[in-house]
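Thanks for coming. I will go through one structure today, starting at a loop and then moving to the helices.

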Amino acid sequence: MLNEITVVAELIQKCIEENARTALDQTEYENRYAALADRYNTAKKQFDDVESEIAGKKSRRGRMEEFLNDLAAQTEVLTEFDESVWVAIVDYATVSKDGTIAFTFKNGVEIAS
């Protein structure tokens, strides 16, 4: 993806330089430039989407590692509800109109009742 962005950026630069050096049909030049710009924007969006997904996964991994470290440091066995453990593992709960509840944990796992 990054290679595609680099290649297309170079093609755009060459297209601009060629237009500056030689007399080209401007309609043809604009069409060629627009096609290259679209190709660049498509590759850039794909790259940005992947970068965003990677950042999200790194963030989730960090939260999960922190949770696992906290859990490993627990010295006592849980025999009753512990609010701090609940807050540490549950991201959010969704209540549907039909009364079902889905719990989404910080690692992305969802459990519905």
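**A loop, a strand and a helix pair**

Lys97 sits in the loop between strand S1 (90-95) and strand S2 (101-105). Helices (H or I, at least four residues) and strands (E, at least two) are DSSP runs, numbered from the N terminus. Before going on, the basis: this is a predicted model, in which local features need pLDDT of at least 70 and side-chain atom pairs count only at pLDDT 80 or more, while totals for chains, interfaces and linings use all residues. Residues are numbered from 1 along each chain as its sequence is written, and side-chain values use heavy atoms, with hydrogens and water left out.

Is Lys97 buried or exposed? Its relative accessibility is 92%, so Lys97 counts as exposed. The cut-offs are these: buried means under 20% relative accessible area, exposed means over 50%, and partly exposed is in between, with a 1.4 Å probe and protein chains only. Lys97 is 10 residues from Val87 in sequence, and their C-alpha atoms are 24 Å apart in space.

Thr104 is in strand S2. With a relative accessible area of 6%, Thr104 is buried. Setting aside neighbours within four places in sequence, Thr104 is in contact (heavy atoms within 4.5 Å) with Val90, Asp91, Tyr92, Val109 and Glu110.

Now the helices. Helix H1 covers residues 2-21 and helix H2 covers residues 26-73; they pack at an angle of about 160 degrees, with their axes 9 Å apart. Axes here are lines fitted to C-alpha atoms, for helices over the stretch in contact, and angles run from 0 to 180 degrees between N-to-C directions. H1 and H2 are therefore roughly antiparallel to each other. For that wording, angles under 35 degrees count as roughly parallel, over 145 as roughly antiparallel, 65 to 115 as roughly perpendicular and the rest as oblique. The crossing of H1 and H2 is left-handed, meaning that the near helix is turned anticlockwise from the far one by less than a right angle; clockwise would be right-handed.

Which residues make the contact? On the H1 side they include Ile5, Val8, Leu11, Ile12, Cys15 and Glu18, and on the H2 side they include Arg32, Leu36, Tyr40, Ala43, Lys44 and Phe47. The residues of this contact divide into 16 nonpolar, 2 polar and 5 charged. In that count Ala, Val, Leu, Ile, Met, Phe, Trp, Tyr, Cys and Pro are nonpolar, Asp, Glu, Lys and Arg are charged, and the others, Gly among them, are polar.

Ile5 lies in helix H1 and is buried, at a relative accessible area of 9%. Not counting residues up to four places away in sequence, Ile5 touches Tyr40, Ala43, Lys44 and Phe47. Ile5 and Tyr40 are 35 residues apart along the chain, with 5.9 Å between their C-alpha atoms.

Leu36 lies in helix H2 and counts as buried at 12% relative accessibility. With residues up to four places away in sequence again left out, Leu36 touches Val8, Leu11, Ile12 and Cys15. From Leu36 to Ile12 is 24 residues in sequence and 6.3 Å in space, C-alpha to C-alpha.

Next, charges. How many salt bridges does a search of the whole structure find? It finds 6, where a salt bridge is a side-chain nitrogen of Lys or Arg within 4 Å of a carboxyl oxygen of Asp or Glu. I will show some of them.

Glu18 pairs with Arg32, the closest N and O atoms being 2.7 Å apart. Glu18 is in helix H1 and Arg32 in helix H2, so this pair ties together parts that are 14 residues apart in sequence. Glu18 is partly exposed at 28% relative accessibility, and Arg32 is partly exposed at 34%.

Lys44 and Asp48 form a salt bridge at 2.9 Å, N to O. Both lie in helix H2, 4 residues apart, about one turn of the helix. Lys44 is partly exposed at 32%, as is Asp48 at 36%.

Lys45 forms a salt bridge with Asp49, with 2.9 Å between the closest N and O atoms. Lys45 and Asp49 are also both in helix H2, 4 residues apart. Asp49 is partly exposed, at 40% relative accessibility.

Last, the loop between H1 and H2, where Thr22 is found. Thr22 is partly exposed, with a relative accessible area of 39%. Thr22 and Phe105 are 83 residues apart in sequence and 61 Å apart in space, C-alpha to C-alpha.
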